[in-house]
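These are my notebook entries on one protein model, kept in the order in which I looked things up.

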Amino acid sequence: MGRPIRALAGAALAGAVTVGTRRVLDGRPPGGTERWVRTNHRGEPISLLEGPSVAAGLAAGALVGGRDVRTRAAAALATVGAGTFGLVDDLAEDASTRTKGLRGHLGALAHGTVTTGGLKVLGIGGTSLVAAAVGTRRTGSALAHLVDVGVNGALVAGSANLMNLLDLRPGRALKAAVLVSAPWLVSSDGPTSAVVLGTVAAVAPGDLAERDMLGDSGANALGALVGAQVAFTAPRAARWLALLGVVGLTFASEKVSFSRVIEGNDVLRRVDSWGRRPREDDPGERA
């Protein structure tokens with residue numbers, strides 16, 4: 001199957017599985033409808049069912065979108081792992097605690113307290129490392145291969161976490177995924193990029209309209225697949241640069257508000273607000 005055909009097949013399958021999974025979950029939400037409903041900043045109900053639907057669509061598409069069997073299996077494994085542990089955090093998080101951010105969860109783990117966020121960090125880290133071991137080709141010595149596996153695993157896990165950090169406004173994480181994935185359409189991993197775009201197209205209307213939200217499950221799964229397409233296809237130097245960028249942005253998020261930076265830049269603010277319902281307290285955005 002040629003690359004363009006695999007790209008179209010992956011995008012179509014990802015979109016169809018996303019939509020189909022959502023319809024099944026809408027008909028019979030596990031644990032009841034209320035378990036999946038949250039309240040957004042407007043005080044309106046919003047559904048978390050987008051998250052597992054996105055994870056399912058991305059994983060299904062990854063199985064046909066990658067350039068070879070090992071890459072496909074690794075990308076699907078990373079996506080499922082990130083989506084599953086993100087879902088645990090979505091549904092079981094103790095809202096009464098104030099443990100937030102990567103530093104907060106790691107600090108809790110260091111003191112012997114396992115939060116759902118801490119479990120997510122360990123789970124996504126573990127599945128990303130296993131996925132990297134499966135999908136990383138050996139191109140040098142045994143030591144060089146081990147380093148490559150570690151870098152790729154960290155890149156996948158870090159991308160999953162970073163995408164979740166971006167998911168603070170409707171559509172923001174989806175747009176970020178499109179911006180990162182679109183240039184890869186012309187590369188050897190174009191089919192995986194098409195999977196991301198197909199899934200985003202399926203859920204963007206509900207997300208931008210604030211009927212649905214990715215939650216940790218959807219955002220982590222989306223970030224993991226975006227990271228996988230870089231980790232398993234880019235040259236070694238590019239992967240190191242990508243990892244440094246992900247780590248740098250993650251540490252920066254502990255000190256700086258991404259939302260404040262975006263809202264302070266006219267171009268970023270316009271891109272971020274495109275297609276989204278305007279905030280009632282922002283006349284500029286309404287205009």
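**Entry 1: helix α9**

I began with α9, where 17 of the 17 residues are buried, so this helix is largely enclosed by the rest of the structure. I keep in mind throughout that the model is a predicted one.

**Entry 2: the whole protein**

I next took the overall figures, and I noted 13 helices and two strands. Buried residues make up 48% of the 287 residues, and the accessible surface comes to about 13,500 Å², with 66% of it belonging to carbon and sulfur atoms. Counting contacts with a separation of 6 or more, I found that residues 24 or more positions apart account for 76% of them.

**Entry 3: helix α1**

I repeated the length check on α1, residues 3-27, whose 25 residues should span 36 Å at 1.5 Å a residue; the end C-alpha atoms lie 36 Å apart, which agrees. Which residues of α1 are buried? I listed R6, A7, G10, A14, G15, T18, R22 and L25. For the spacing in such a list I recalled that an α-helix has 3.6 residues a turn, so residues three or four places apart point the same way. The buried residues of α1 pack against β2 (45-47), α2 (50-65), α3 (69-92) and α8 (190-208).

**Entry 4: two threonines in loops**

I looked up T136 in the loop between α5 (116-135) and α6, and at 4% relative accessibility it counts as buried, the cut-off being under 20%. The side chain of T136 reaches the backbone oxygen of A132 at 2.6 Å, and a polar contact of 2.8 Å joins the side chains of T136 and N152. Leaving out residues up to four places away in sequence, I found T136 touching R70, H145, D148, V149, N152 and F232.

I then turned to T233, which sits in the loop between α9 and α10 (236-253). Is T233 buried or exposed? Its relative accessibility is 15%, and T233 therefore counts as buried. The side chain of T233 reaches the backbone oxygen of Q229, at 2.4 Å.

**Entry 5: salt bridges**

Before searching for charged pairs I reminded myself that side chains of opposite charge can pair when their charged atoms come close. How many salt bridges does a search of the whole structure find? The search finds 14, and I wrote down several of them.

R239 forms a salt bridge with D148, with the closest N and O atoms 3.7 Å apart. R239 lies in helix α10 and D148 in helix α6 (residues 142-166), so this pair ties together parts that are 91 residues apart in sequence. Both R239 and D148 are buried, and D148 is also one of the residues that T136 touches.

E263 and R169 meet through their side chains in a salt bridge of 3.6 Å, N to O. Because E263 lies in helix α11 (residues 258-263) and R169 in the loop between α6 and α7, the pair ties together parts that are 94 residues apart in sequence. I recorded E263 as partly exposed, at 34% relative accessibility, and R169 as partly exposed too, with a relative accessible area of 25%.

R276 forms a salt bridge with D272, the closest N and O atoms being 3.1 Å apart, and both of these residues are buried. I also noted that salt bridges with shared partners join R22, D26 and D212 into one network; R22 is among the buried residues of α1.

**Entry 6: a nonpolar patch**

Last, I turned to the surface, where L179, V180, V267 and V271 form a nonpolar patch with about 350 Å² of accessible area together. The elements that give two or more residues to the patch are α7 (172-181) and α12 (266-273). I looked up L179 on its own: this leucine is found in helix α7, and at 61% relative accessibility L179 counts as exposed, the cut-off being over 50%.

Terms used: Residues numbered from 1 in each chain as written. Predicted model: local features only at pLDDT ≥ 70, side-chain atom pairs only at ≥ 80, totals over all residues. Heavy atoms only, no water. Buried < 20%, exposed > 50% of the residue type's maximum accessible area, 1.4 Å probe, protein only. Helix = DSSP H or I, 4+ residues; strand = E, 2+ residues; numbered from the N terminus. Patch = residues over 30% accessible without salt bridge, like charges linked within 9 Å, V, L, I, M, F, W, Y side chains within 5 Å. Areas by Shrake-Rupley, 256 points an atom, 1.4 Å probe, with all protein chains shown as cover. Salt bridge = Lys/Arg side-chain N within 4 Å of Asp/Glu carboxyl O. Polar contact = N/O pair within 3.5 Å; in protein donor to acceptor, adjacent residues only side chain to side chain. Expected span 1.5 Å × (residues − 1). Contact = heavy atoms within 4.5 Å.
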